[in-house]
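Subject: Structure handover and findings

Hello,

Please find the structure below.

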Amino acid sequence: MTSVTTMTAALPVEYRERLMRIAREVSFEEGARLFEEGRRADRFWIVRTGTVALDLHVPGRRAAVIESLGHGELVGWSWHFTPHVWQLGAEAASPVRAYEFDAVTVRAMCDEDPEFGRAVAVWVGRVLAHRLNAARTRLLDLYAPYGSGG
């Protein structure tokens, strides 16, 4: 995947290497919930293999899948912004292997090195902008009256 939201595309090699030194390898079975909307965001992941579905609670309906994330994609951005609460939910759509990062540790690294912190903030900001657009598009696809799109 060559998306501008991947860590490889967004961060210089030295910053990627710094992050990878604190990564922990984890795996999730298909159907496992990585996180729930409204709960504390204390970690994030980079997908190695498999697919993670991001979803959004829609009152009175089943959760809407907003986007599917694969190899190299960042899963989770809420860890970076106060109040550190998940704004979406995430579920393993297939067996997933990922790198997991502790949010408190990464935020401390960002505070210690402002250039590193800026690079991470720009990366997470790009991901956030992309996810907001994906959510808007998907919700219009699902719930807008037929023929209302431009």
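First, a term. Rings of Phe, Tyr and Trp (for Trp, its six-membered ring) count as a pair if their centres lie within 6.5 Å; planes under 30 degrees apart are stacked, over 60 edge-to-face, and the rest tilted. The structure holds eight aromatic pairs by that rule.

Before the details, two notes on the source. This is a predicted model, in which local features need pLDDT of at least 70 and side-chain atom pairs count only at pLDDT 80 or more, while totals for chains, interfaces and linings use all residues. Residues are numbered from 1 along each chain as its sequence is written, and side-chain values use heavy atoms, with hydrogens and water left out.

Aromatic rings

Phenylalanine 28 and tryptophan 45 make an edge-to-face pair, with 6.1 Å between centres and 80 degrees between the planes. This pair links distant parts of the chain: phenylalanine 28 is in strand β1, tryptophan 45 is in strand β3, and they are 17 residues apart. Strands here are DSSP runs (E, at least two residues), helices likewise (H or I, at least four), and both are numbered from the N terminus.

Tryptophan 45 is buried at 2% relative accessibility. Phenylalanine 28 is buried too, at 16%. The cut-offs: buried is under 20% relative accessible area, exposed is over 50%, and partly exposed is in between (1.4 Å probe, protein chains only).

Tryptophan 45 also pairs with phenylalanine 35, and these two rings are stacked: 5.8 Å centre to centre, 10 degrees between the planes. Phenylalanine 35 sits in strand β2 and tryptophan 45 in β3, so this pair ties together parts ten residues apart in sequence. Phenylalanine 35 is buried, with a relative accessible area of 6%. Ring pairs join Phe28, Phe35, Trp45 and Trp86 into a cluster.

Sheets

Four strands form an open sheet in the order β1-β8-β3-β6, with antiparallel pairing. Two strands pair if DSSP finds at least two bridges between them. β1 and β6 (74-75) are at the edges with a single partner strand each, so one side of each has no neighbour in the sheet. Helix α3 (residues 103-112) packs on the sheet and touches β3 and β8; its direction makes about 55 degrees with that of β8. Contact means heavy atoms within 4.5 Å. Axes are lines fitted to C-alpha atoms, for helices over the stretch in contact, and angles run from 0 to 180 degrees between N-to-C directions.

β3 is mostly covered, as five of its seven residues are buried. Six bridges join β3 to β8, and the two run antiparallel. Threonine 49 has arginine 97 in β8 as its bridge partner. On β6, strand β3 (residues 43-49) pairs over two bridges, again antiparallel. Isoleucine 46 stands opposite leucine 74 there.

Strand β7 (residues 89-92) pairs with strand β2 (residues 33-35) over two bridges, in the antiparallel sense. Strand β4 (residues 52-56) is joined to β7 by four bridges, also antiparallel. Glutamate 91 in β7 stands opposite arginine 33 and opposite alanine 53.

Salt bridges

There are nine salt bridges (a side-chain nitrogen of Lys or Arg within 4 Å of a carboxyl oxygen of Asp or Glu). Glutamate 100 and arginine 24 form one of them, with their closest N and O atoms 2.7 Å apart. Glutamate 100 is in β8 (residues 96-102) and arginine 24 in β1 (residues 24-28), so the pair ties together parts 76 residues apart in sequence. Glutamate 100 is buried at 10% relative accessibility, whereas arginine 24 is partly exposed at 48%.

Arginine 40 and aspartate 42 meet at 3.0 Å, N to O. Here arginine 40 is exposed at 60% and aspartate 42 buried at 17%. Arg24, Arg40, Asp42, Arg43 and Glu100 are linked in a network of salt bridges.

Glutamate 36 bridges to arginine 33, with the closest N and O atoms 2.8 Å apart. Both are partly exposed: glutamate 36 at 29%, arginine 33 at 31%.

Helix α2

Which residues of helix α2 (residues 13-20) are buried? They are Tyr15, Arg16 and Leu19. Seen down the axis of α2, they fall within an arc of 100 degrees, so they line one face of the helix. That arc is taken from the directions from the helix axis to the C-beta atoms.

Best wishes
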